[in-house]
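Hi everyone, thanks for coming. I have one protein to walk you through today, so please have a look at it first.

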Amino acid sequence: MNKAKTGRMPVYLLSFLLPALALVLIFAVKRIYPFGDNSFLRTDMYHQYAPFFAEFAEKLQNGGSFLYSWQIGAGSNFITLLAYYLCSPFNLLLFFLSKPAIIEFMTYLIVFKTGLAGLTMAVYLCRKFDTRDLTVALFAMGYALSGYMAAYSWNIMWLDCIWLAPLIFLGLEQLVEENKGLLYCITLALAILTNYYISIMLCMFLVLYFLCLLIMYPSGKTVPQVGETKAGFSTYLGKCIRFAACSLLAGGLAGILLIPVMLALKTTASSNINFPSSLSSYFPMIDMLARHMAGVETEIGLEHWPNIYCCAAVFILTPLYIMNRNIPWREKAVKCMLLFFLLVSFAWNMPNFVWHGFHYPNSLPCRQSFLYIIVLLTMCFEALRNLKSASSSQIAGSLWGAVIFIFLCEKVVEAEEFRFYVFYINILLVALYGLFLYLFRRRKIKTSTVAVLAFVLVFLEMGLNMGITSITTTSRSAYLRYTDEFGRLSQMAQEREGETFFRMEKAVKKTKNDGAWAGYRSASIFSSTTNAAITTIYKHLGMEGSTNAYSFTGATPFIDALLSVRYKLVEDPEAETPLTSLVATEGEVSLYQNNHVLPLGFMIPETALHWNHQDPNPIQVQNNFVSSTTSVGSIFAMVDTASSTSYTFTAPQSGYYYGVLTDFSVKNVTAVFSEDSTTYSNVDRDFILDLGYMESGEQVTLTGNDQKTVNINIYRLLQNEFIQAVSELNEEPLIVDSYTDTQIQAHATVLQDGILFTSIPYEEGWTVTVDGVTAETSAYADAFLSLSLSAGDHTIVMTYVPAGLREGAMLSLISLAILSVAVIICLIRYRKERRPSLDEQRRLRFHKDEASAGQAKNRLSEATKKGITDVIQEDMVEAEIRRQGETHGRQEDHENDPSGPETSEPEASGAQESSGEEQAGPEDFPDEQAATDADPSRLQAFEQMIRDLGGHIE
């Protein structure tokens, strides 16, 4: 065992180091830090992962709760975010890092996980085929630098499932062949824990692959032996039970995250399942197969193209696999059908819907295609292993078939990702691989030379493909700009407020998760676990909202007050207005305070339950809230309306002005003021255009993109009415005494029975006690945590524990106990099976004696140099010493044998048999005393016998 591991170590090292080295070289060329000022903060890494990693590091370093976060979304369930984005065990290293180092940690963690993907693929192939061939590293590179990794390597939270997948494959095959489920169970549990979403696809595939294994190997062994027969029904049933048990146990081990996540997902936009009503295809099959070519742009948008490139050599090796006679036809048929099914799943809408958890992916298509790549590369590796049985005509046929297919693709494929030179580059690559296979097959040059050339070509091909089709960059210094200033100003605001709960926002956002990055309590979020009810109410109130995000963009002073946003961070200093005041400045960043803000909670009358929050006009929704909760009628008044491609508005009096679009066919609107301009992007997301504070007579010109007509209503905030409304709502506040991530302790003086409104997003995990008694909570406007309070003084404690956490933790503990017991039982059985019985011990001793007797043959050569008499005498002494030792050993066995005298007789018989064997050996003599006396006549006869025996052996 140790020897095998040592022999495979070079394979494993190459498989890990080569993909990692390729990425580092790409980073160096693209001047990614520390090679330059660029960073690999691509797409969601920029907007989501970096802020979430910063929030996770903050909690690790300062002891925050992993259950809830106030930094994003006005308050958000953090355990669901942890389960989707942050649960990799490697992320615990964030404990040691400063905030600027988080970017590099993420970047080079991708490098490390890419190397791990190559390593585990190598482990899978080496173990599956019982080999230590260095060519395994070529296929490991094919997996680690595949088109899937080129497209999705920046999805760092998926990569743990990617590098675990080959080990899960190996574990499943061990379960089927050897009935050993430990590796399968543990690796699958780890995959589910690190990212439950990709694990959904992985689990669906495992069911499919398990059935394939049962069909491919009817004997129950993945390496069939000659003469094996088909397994019986009981064998199949046993394997199915083991597979189900191990799979369920793996899910149970991850229950501490799975159950809370399952319950929390009901609050997201993903909770609605609308199964497609008809079957349709996205693209022709040949167009999809063409994406096996190198140099094709990866797809990460709303198109459905799979990223299935994994080295151009598959064009030759796949046909060779199919034609190879050494590979069982059943295995070839099943695997080809499996690949075809996966390809159909990429191209057809219904299976695509099912594979992605009964939802269509919001960009990033075919997220399960890494499974296809594993199967394909395994087939190609098996074809290479059996290359000696392939004829030259088969190699030539595969080569020409690949070339013809590529030329055909040039004719029929019209997708813009296929530049004209892509086809010719792949023809060249296929030709080179075909040449290498021919040279290797015919032994025209040294095998080592062919291997080196193949390694160089695969490394260059896959490295260049990764560099050309992936690894976009952004400015590292721009991302870190003002990070320290934001941190100091937010800390200053906290010191000013003490234990008072408040939120902050930025005037111009870098991301919707800036609060998590800079460390302040914000009211915006962009996450796949976004609370859909808050998104809906934000849009009704005139703020930005989408499927998996909601933002403070579009907020008015009344929204600032409603959501307790007391401070704003502004990068470019602006003049104070009647409703704001400058607090402090750090460099080019300023901190402003909103002068009229409501607390975290306040009392509203029961009549406010009838608030019409679904009015299509967001300004009217805000007016309706004010009129239903205070004596103030309206706080906004419409001052103008327009429908034009370019509309100029002049402020009739000084005040805050807002634009509400009545037609969302326009995507972007540019506003040009007298001294500056701004562009409102994605206005089709229904948010209000904040025109800011305008002096009387000041003008602004609004223009839609592509000269589209802008249909807009202009409103002005009625400042006096707004201040009066806020003052009335502040008469019965919820006063926060202290708070943590998961608990708020407060008190309130209620003048008359009513509803306690809080700006906390409603979730089932909140438990509220009023004066020590658990109170019934509800979702005000389907979004905000609220409860009824009677008149009087009340002590209120709000505690958050994610729904299902206790049940999930219990399930994980039970599953862990079951696994521990199973492992202990297996270890006991293994030790019993490995421990030799007394008969086996005697048998081993007997074979040892036989081996010792064989040494006499080697002594014959010594007899030519030494006297025959001396050799015989030495052998006789050794035989006597050995016989005395055996006699002593039998006495010890007899004394220690627990079975008592009943076993002594067979033991004596065994001893006699052993003595008989010794008498027949060349080392011992029938008459030891005669030999010792060395009678000349008898000694000469014996010498002649030894010479005859020596001649026979020679």
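A word on the ground rules. This is a predicted model, where local features need pLDDT of at least 70 and side-chain atom pairs count only at pLDDT 80 or more, while totals for chains, interfaces and linings use all residues. Residues are numbered from 1 along each chain as its sequence is written, and side-chain values use heavy atoms, with hydrogens and water left out.

So, the overall picture. The protein chain has 32 helices and 28 strands; these are DSSP runs numbered from the N terminus, with helices being H or I of at least four residues and strands E of at least two. There are 954 residues, and 52% of them count as buried. Buried here means under 20% relative accessible area, exposed means over 50%, and partly exposed is in between, with a 1.4 Å probe and protein chains only. The accessible surface of the chain comes to about 42200 Å², and 57% of that belongs to carbon and sulfur atoms. Those areas come from the Shrake-Rupley method with a 1.4 Å probe, and for residues only the protein chains shown count as cover.

How far apart in sequence are the residues that touch? Taking contacts between residues at least 6 apart, 74% join residues at least 24 apart. Contact means heavy atoms within 4.5 Å.

Now a helix pair. Please find H3, residues 78-86, and H11, residues 255-264: their axes come within 9 Å and cross at roughly 115°. The axes are lines fitted to C-alpha atoms, for helices over the stretch in contact, and the angles run from 0 to 180 degrees between N-to-C directions. Which residues make the contact? From H3 we have Ile79, Thr80 and Ala83, and from H11 there are Ile256, Leu257, Pro260, Val261 and Ala264. By class, that is 7 nonpolar residues, 1 polar and no charged ones. For that count, Ala, Val, Leu, Ile, Met, Phe, Trp, Tyr, Cys and Pro are nonpolar, Asp, Glu, Lys and Arg are charged, and the others, Gly among them, are polar.

On to the cores. In soluble globular proteins, nonpolar side chains tend to be buried together. A nonpolar core, for us, is a set of buried Ala, Val, Leu, Ile, Met, Phe, Trp, Tyr and Cys residues joined through side-chain atoms within 4.5 Å. The largest one has 232 residues, and Tyr143, Tyr209, Met293 and Tyr433 touch the most other members. Helix H4, residues 99-129, gives the most to this core, with 16 residues. Apart from it lies another core of 23 residues, including Tyr68, Phe501, Met603 and Tyr800.

Let's stay with Tyr433 for a moment. Beyond its neighbours within four places in sequence, Tyr433 is in contact with Cys311, Ala312, Ala313, Ile316, Leu457, Val458 and Glu461. Cys311 is worth a look too: its phi is near 105°, a positive value in a residue other than glycine. Cys311 sits in the loop between H12 and helix H13, 314-323, and counts as buried because its relative accessibility is 7%.

Next, some serines. Not counting residues up to four places away in sequence, Ser398 touches Phe315, Ile316, Pro319, Leu320 and Met323. Ser490 is in helix H21, residues 483-497, and is buried as well, with a relative accessible area of 8%. In contrast, Ser277 is in the loop between H11 and helix H12, and at 78% relative accessibility Ser277 counts as exposed.

Glu695 lies between strand S18 and strand S19 and is partly exposed, at 45%. Glu695 and Ser654 are 41 residues apart in sequence, yet 4.2 Å apart in space, C-alpha to C-alpha. Finally, look at Pro34, in the loop between helix H1 and strand S1: the peptide bond from Tyr33 to Pro34 is cis, with omega near 10°.

That's my tour; I'm happy to take questions.
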